[in-house]
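Me: I would like to learn how to read a sheet and its surroundings in a model. Where do we begin?

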Amino acid sequence: MLENNKQFSPCPICNKEDISTLLHTKDYSLTGEDFQIIQCANCTLEYTDPAPSKEAIAPYYNFPSYISHTDTKEGLVNKMYHKVRNHTLTQKTNWVQSLFTGHKGHLLEVGAGTGAFADSMSKKGWKVTALEPDASSRQKALDNYNLNILPIEELFHLEPAKYEVITLWHVLEHVHDLNAYMKTFHSLLKPNGRLIIAVPNYTSYDAGYYKKYWAAYDVPRHLYHFSPLSMHYLAKKHKMSIMQKLPMWFDSFYVSLLSEKYKQSGMIGMIRAFFIGCISNLTALSNVDRGSSMIYEIKKID
Ligand SMILES: [Zn+2]
């Protein structure tokens, strides 16, 4: 059993102590252990409790199918993930470039996994620095793309004010030192640079529908669960501001499929996942804050 970890009290974003338990969930993908989701009443950030420390969390990533650490194409969900990944890779690459019309520069990717996005941007002429904590993923990036990815600790030794853009694709929810990272991003960005953060959104329709089965809680690997409002507070705390919010349309289907898998609902669940994904996206079409996952484009304000 993990000890109740007090690192998230008070709230890491707003420092208030008005927190309550929202729901009880499990590590469905590996250990089956119980965790709870706590919510801050002030800034609405949610967090996993108990949260394994940096030292204790490694075993929770230690399973062969951990999807961002693997290139396996076995099983329906993995197959779909990899198909969609190729498509979204092109979309991400084009979108990030569109923020800098005709201008290329330095890009820092934090949590580069096996290097697909870093490689894609590098091929477009960007000077890419990529960081990743998992050694076997760094090795895969070297084998697949001849890409030299650095250990994550290097984040704190990079040159200040060098980067046009810093990207974190589904990474910030895994980071223990939330404020140290955000502070560092502020110092590494050029004055007009952009911080791109993609994270799951617990205010989405699919999160509300699946509740404790919602696969994007992914406890205890996801330490924090963000809403658009809590992301606003986090950016503001670090002298930054959200410029743009975009829903991630495929995440609703992918997360719904995984959630049905956790519910063990069989074929009927696969069909239902498709409809829940559709409803989630329709909801996000009328309200941008309701995407299953969100991309935030963030800029420095001083
Ligand atoms: Zn708070």
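This is a predicted model: local features need pLDDT of at least 70, side-chain atom pairs count only at pLDDT 80 or more; totals for chains, interfaces and linings use all residues.

Me: Which residue of β7 is the bridge partner of V165?

Reply: R194 is the partner of V165.

Me: What holds strands of a sheet together in general?

Reply: Strands pair through backbone hydrogen bonds, and the pairing is either parallel or antiparallel. In this structure, an open sheet of six strands has mixed pairing, in the order β5-β4-β6-β7-β10-β9. At its edges lie β5 (127-131) and β9 (240-247), each of which pairs on one side only. With direction ignored, neighbouring strands of this sheet are turned by 20 degrees against each other on average.

Me: Which strands does helix α2 touch?

Reply: Helix α2 (residues 116-123) packs on the sheet and touches β4 (106-110), β5 and β6. The direction of α2 makes about 170 degrees with that of β5. Helix α6 (residues 228-237) also packs on the sheet, where it touches β9 and β10 (293-300). Its direction makes about 150 degrees with that of β9.

Me: Why does the radius of gyration agree with a compact globule?

Reply: A compact globule of 302 residues would have a value near 19 Å, and the chain has 18 Å, so the two agree. The C-alpha trace spans about 50 × 45 × 40 Å along its principal axes. Buried residues make up 43% of the 302 residues.

Methods. Residues are numbered from 1 along each chain as its sequence is written. The radius of gyration is taken over C-alpha atoms; the globule rule is 2.2 Å times the number of residues to the power 0.38. A residue is buried if 20 or more other C-beta atoms lie within 10 Å of its own, exposed if 12 or fewer, and partly exposed in between; C-beta atoms are placed from the backbone. Two strands pair if DSSP finds at least two bridges between them. Helices (H or I, at least four residues) and strands (E, at least two) are DSSP runs, numbered from the N terminus. Axes are lines fitted to C-alpha atoms, for helices over the stretch in contact, and angles run from 0 to 180 degrees between N-to-C directions. Two residues are in contact if their C-beta atoms, placed from the backbone, lie within 7 Å.
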